[in-house]
Amino acid sequence: MIAQNRVDEIIHTLKQDLPTLFEKDITYDIYSSDIFFKDPVNTFKWKFNYRIIFWTLRFHGKLFFTELFFDLHQVYPKDEWTILADWTVRGTLRVPWKARLLFNGTSTYSLNADGLIYRHIDTWDRSPNEILKQFFQKG
């Protein structure tokens, strides 16, 4: 059983980190060294790779977007081992037609017996192809 105050600490950290993930790095001490991550386009394991994905998001965000936001709607415990975060990514691409990006998602964080996140699964409200099509639509 994980102590409730540990779950509350993780929720607090996620609420602090996620809204600014395109601007600054997140806190990694709430994640296990063997964290598993999966979203509709990526699947990998280990904290080193997890750090790289966040660096890549910031790098590509600054390179390809004039503005990019991660709107965090809520972070809450689903049960004693699972935390959910509902969010929206929105932005304007750095192209002459100012294409707009918008999609919603949910992050599911699973906790291990040490009170660390060992699995992070993202689901999106549309397919990667649907999201890519937004790059070619006038903003």
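With a relative accessibility of 2%, Y31 counts as buried (buried means under 20% relative accessible area, exposed over 50%, and partly exposed in between, using a 1.4 Å probe and protein chains only). The model is a predicted one, in which local features need pLDDT of at least 70 and side-chain atom pairs count only at pLDDT 80 or more, while totals for chains, interfaces and linings use all residues. Residues are numbered from 1 along each chain as its sequence is written, and side-chain values use heavy atoms, with hydrogens and water left out.

Y50 is buried too, at 0% relative accessible area. A search of the whole structure turns up 11 aromatic pairs (rings of Phe, Tyr and Trp, the last by its six-membered ring, pair if their centres lie within 6.5 Å; planes under 30 degrees apart count as stacked, over 60 as edge-to-face and the rest as tilted). The rings of Y31 and Y50 have centres 4.7 Å apart and planes at 50°, so this pair is tilted. It links distant parts of the chain, with Y31 in strand β1 (residues 31-38) and Y50 in helix α2, 19 residues apart (helices, H or I with at least four residues, and strands, E with at least two, are DSSP runs numbered from the N terminus). Y31 and Y50 also belong to one aromatic cluster with Y28, F37, F44 and F54.

F103 is buried at 8% relative accessible area, whereas W124, at 22%, counts as partly exposed. F103 and W124 make a tilted aromatic pair, 5.0 Å centre to centre with 50° between the planes. F103 sits in strand β5 and W124 in strand β6, so the pair ties together parts 21 residues apart in sequence.

F103 and W124 turn up again at the largest pocket: along with F22, V41 and L57, they lie nearest its centre, among 30 lining residues (a pocket, on a 1 Å grid over the protein atoms alone, is an open set of points where a 1.4 Å probe fits, with protein on both sides within 12 Å along at least five of seven lines; lining residues have an atom within 4 Å of a point). The volume of this pocket is about 770 Å³, meaning the space filled by probe spheres set on the points. Helix α2 gives the most to the lining, with 7 residues. By class, the lining has 22 nonpolar, 6 polar and 2 charged residues (Ala, Val, Leu, Ile, Met, Phe, Trp, Tyr, Cys and Pro count as nonpolar, Asp, Glu, Lys and Arg as charged, and the others, Gly among them, as polar).
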